[in-house]
Amino acid sequence: KRANATGALLSMIFGILFFLYLTIFKVNVFGMHHIVPVISLNIFIFIIGSLLGKKVDNETINTFFNFD
């Protein structure tokens with residue numbers, strides 16, 4: 001319920017840039033496929049971006065989370 005557009009956009013932007021960095025410069029993080037550290041970074045950035053962004057209004061929350 002606390003997720004917002006800021007977190008989503010930052011997560012996508014940083015994810016794409018980090019994936020391109022790992023792929024272009026052939027950086028190997030603990031022998032894992034490139035997508036694993038990218039997803040880990042995306043989760044972290046999504047949480048930080050959602051905390052820093054504008055709070056979602058109650059009407060939007062009720063639209064998606066009101067199951068009564």
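Tutor: In this predicted model, the axes of helix 1 (residues 5-24) and helix 2 (residues 35-52) come within 8 Å. They cross at roughly 155°.

Student: Why is helix 1 called roughly antiparallel to helix 2?

Tutor: Angles over 145 degrees count as roughly antiparallel. The crossing is at roughly 155°, so helix 1 is roughly antiparallel to helix 2. Helix 1 passes helix 2 in a right-handed crossing.

Student: Which residues make the contact?

Tutor: On helix 1 they include Leu 10, Phe 14 and Phe 18; on helix 2, Leu 41, Ile 45 and Phe 46 are among them. The residues of this contact divide into 12 nonpolar, 7 polar and no charged.

Student: What makes Leu 17 count as exposed?

Tutor: Leu 17 lies in helix 1. Exposed means over 50% relative accessible area; Leu 17 has 53%, so the label applies. From C-alpha to C-alpha, Leu 17 and Val 38 are 9.3 Å apart in space and 21 residues apart in sequence.

Student: How many aromatic pairs does the structure hold?

Tutor: There is 1 aromatic pair. The ring centres of Tyr 21 and Phe 25 are 5.2 Å apart, and pairing requires centres within 6.5 Å.

Student: Why is the pair of Tyr 21 and Phe 25 called tilted?

Tutor: Planes under 30 degrees apart count as stacked and over 60 as edge-to-face. The planes here are at 50°, so the pair falls under the rest and is tilted.

Definitions and conventions
Residues numbered from 1 in each chain as written. Predicted model: local features only at pLDDT ≥ 70, side-chain atom pairs only at ≥ 80, totals over all residues. Heavy atoms only, no water. Phe/Tyr/Trp six-rings, centres within 6.5 Å; stacked < 30°, edge-to-face > 60°. Axes fitted to C-alpha atoms, helices over the stretch in contact; angles between N-to-C directions. Helix = DSSP H or I, 4+ residues; strand = E, 2+ residues; numbered from the N terminus. Parallel < 35°, antiparallel > 145°, perpendicular 65-115°, else oblique. Left-handed = near helix turned anticlockwise from the far one by under 90°. Contact = heavy atoms within 4.5 Å. Nonpolar A, V, L, I, M, F, W, Y, C, P; charged D, E, K, R; others polar. Buried < 20%, exposed > 50% of the residue type's maximum accessible area, 1.4 Å probe, protein only.
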